[in-house]
Amino acid sequence: MGGIMGQLKYFNDSVVGQHNSVVRWAREFGGIYCVRLANVNMVIVSDAQLIDSIVGRSTELEKSVDVFYNQFNVLAHDEEKSNLFTSRTNDWWRLIRKGLSPAFSANNLKKGFPEVQQVTQRLINAMKKAQGHPLALDKATLCVTLDVIGRVGFAKDFGATSSFEAAIEGKLPAPPAMEKPGVLGALWDWMLVTVGAKLTPSGVAHDDFRQRMRALLQEVKARGDPRVEDQSIAALLLKLKDPKTGQRLPDDRLAAEFAVVYQGGTETTSLTTAWAVFMISQHPEVEAKVLAELDGLGLLVTPERPNPRPLEYDDLTKLTYTNNCIKESMRCLPVLSGTNRMSDKDIMLGGYLIPRNTMIWCNLNATMSNPDLWDRPEAFLPVRPSVLPLLERWEVPGAEYVPLPAGKLGTGHGTAVQVDASGEPAKEAAKEAAGDEEEAAKHRVKRFTPFSVGPRDCIGQNLAKINYQTTVPMLLANFKFKLSDEMGGYEGVRASESMGVLPFTFRPAHGLKRLWLPRLECTGMLALRPGKGFQMHCVPRSQAS
Ligand code: HEM
């Protein structure tokens with residue numbers, strides 16, 4: 001039976017507290033191990049050097065779309081095709097990736113900062129009206145992110161944060177009733193969607209999402225040709241030309257890329273924001289330091305200073321401690337657990353022969369909790385109290401990189417090497433793997449990788465950063481957050497962590513019963529969240545004792 005079922009027991013363990021499970025497995029089985037589910041083998045890697053060789057700058061491995069990322073194709077296209085997220089690393093991918101990159105440059109995002117600030121302020125105004133009711137913090141931050149991406153990337157205000165306010169004030173009509181499916185219902189729905197059926201709640205919501213993206217494209221096109229200096233996501237995509245034909249990209253391709261930006265950017269950023277607020281507010285000594293930093297900059301709401309000055313762009317670099325806390329929260333609770341790759345040739349990895357077409361799953365979260373790489377990795381420790389003078393975990397120079405002992409650089413042990421037909425590492429690849437010490441010394445391996453690394457790392461990471469680096473301090477400056485009783489305290493939240501693809505539906509929120517996102521809610525990432533979301537009481541700081 002065990003043979004047929006593979007290591008189902010372990011997969012079952014992961015239903016609750018999945019994040020903790022993979023971290024535990026990495027400790028139990030090491031930096032590379034193989035699991036089997038029925039007759040499918042999967043290699044799971046959490047060794048930082050190996051991961052670097054799998055996804056890093058010199059990789060030739062491709063994403064395995066069929067198993068994990070198919071959702072991105074289903075949601076973005078009517079007919080299944082690839083897009084920036086799911087494409088092989090080919091000329092099309094290069095065209096889009098290079099063309100879109102200026103949208104995420106520091107200069108361009110600086111121009112977008114006022115939008116982020118205003119959208120967060122809109123949410124704060126709404127939250128002040130909640131008057132003691134618990135709020136779903138993850139919904140609230142999702143509203144912010146939806147509006148940030150809309151306004152910064154597409155000059156479009158979807159009004160998610162204003163809908164939030166209207167919902168709190170009871171001014172919104174109820175959404176069409178849609179029962180939350182139970183586990184079996186969700187599984188059935190997922191199976192139907194996987195085989196292409198559209199008449200499921202999720203299928204309908206997928207159609208709805210695609211229609212919204214097509215409508216957004218038409219709206220953007222109706223504004224006329226984008227100005228040369230316009231570096232928004234929409235403008236850059238519209239300006240792109242197919243090098244072969246010299247023609248602009250077809251509408252279905254453009255709408256799919258719009259969709260992918262929303263898919264890649266929403267759950268990820270909003271849950272990162274929610275986890276950071278949760279972690280900081282659950283650690284009083286950390287929160288006190290954050291508040292002191294905000295106070296020092298004149299940004300904290302106090303009974304004596306009920307209307308402090310607004311957060312400005314330059315403050316973002318001054319909020320060092322707060323930013324370090326966000327990083328620490330992302331290390332402990334990265335919303336994306338990892339990424340996958342597959343090779344169409346046999347490869348050697350960490351001394352093992354990996355047959356072609358074997359799924360390789362890189363556990364980025366396990367690397368970020370590896371005790372060989374981090375001091376007390378299970379602790380939320382922006383501060384290391386044992387070190388004098390007091391050094392923050394994140395203020396140690398090079399904190400994002402693997403601290404390698406001298407003389408350990410550049411061995412072939414940690415690299416993915418192609419194998420020839422006889423099973424021997426191919427000569428050229430072996431030479432490369434043996435490595436040039438000098439070259440290896442330049443190549444520092446990262447141990448903090450929430451955005452992954454290498455050519456397929458997160459293109460949107462700077463937009464995400466400007467979003468959470470603005471929203472987290474603004475929320476904390478305005479409110480004291482207390483978990484509502486149903487969350488079962490800090491332990492209850494942590495025990496309910498799970499990863500799951502969420503249905504693309506209008507979902508009633510917990511807490512304030514009439515709170516929902518009526519405009520545009522798009523999810524689908526395997527994102528880390530607590531089972532019941534984040535039900536929080538948000539007490540205005542002007543009233544907090
Ligand atoms: C905290 C927030 C975010 C996190 C943690 C995150 C994480 C990641 C990770 C780990 C990858 C690599 C996935 C893989 O290799 O399988 C990725 C790719 C990607 N992300 Fe993000 N992301 C975030 C925000 C965003 C935002 C705001 C956008 C867009 C506005 C975005 C768009 C994308 C896209 C398009 C890709 C695919 C890039 C490619 O394959 O070339 N992400 N992200």
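This is a predicted model: local features need pLDDT of at least 70, side-chain atom pairs count only at pLDDT 80 or more; totals for chains, interfaces and linings use all residues.
In the classification applied here, Ala, Val, Leu, Ile, Met, Phe, Trp, Tyr, Cys and Pro count as nonpolar, Asp, Glu, Lys and Arg as charged, and the others, Gly among them, as polar.

The protein chain has 545 residues, of which 44% are buried. Its secondary structure consists of 21 helices and 14 strands. Among contacts between residues at least 6 apart in sequence, 75% join residues at least 24 apart.

The axes of α13 (residues 251-281) and α20 (residues 461-478) come within 10 Å and cross at roughly 35 degrees. The crossing of α13 past α20 is right-handed. On the side of α13, the contact is formed by G265, T268, T269, T272, T273, A276, V277 and I280. The residues of α20 that take part are L463, A464, N467, Y468, T471, V472, L475 and L476. By class, the contact of α13 with α20 comprises nine nonpolar and seven polar residues, with no charged residues.

The UniProt record, an unreviewed entry, lists C458 under "binding site". With 18 other C-beta atoms within 10 Å, C458 is classed as partly exposed, because a buried residue requires 20 or more such atoms and an exposed one has 12 or fewer. Leaving aside residues up to four places away in sequence, C458 touches F451 and S452.

A further helix pair is formed by α8 (residues 137-154) and α9 (residues 160-168), which pack at an angle of about 145 degrees with their axes 7 Å apart. In this contact, A140, C143, V144, L146 and D147 of α8 meet A160, T161 and F164 of α9. The residues of the contact of α8 with α9 divide into six nonpolar, one polar and one charged.

Terms used:
Residues are numbered from 1 along each chain as its sequence is written. Axes are lines fitted to C-alpha atoms, for helices over the stretch in contact, and angles run from 0 to 180 degrees between N-to-C directions. Helices (H or I, at least four residues) and strands (E, at least two) are DSSP runs, numbered from the N terminus. A crossing is left-handed if the near helix is turned anticlockwise from the far one by less than a right angle, and right-handed if clockwise. Two residues are in contact if their C-beta atoms, placed from the backbone, lie within 7 Å. UniProt positions are given in the numbering used here, feature names are shortened, and annotations may be inferred rather than shown by experiment.
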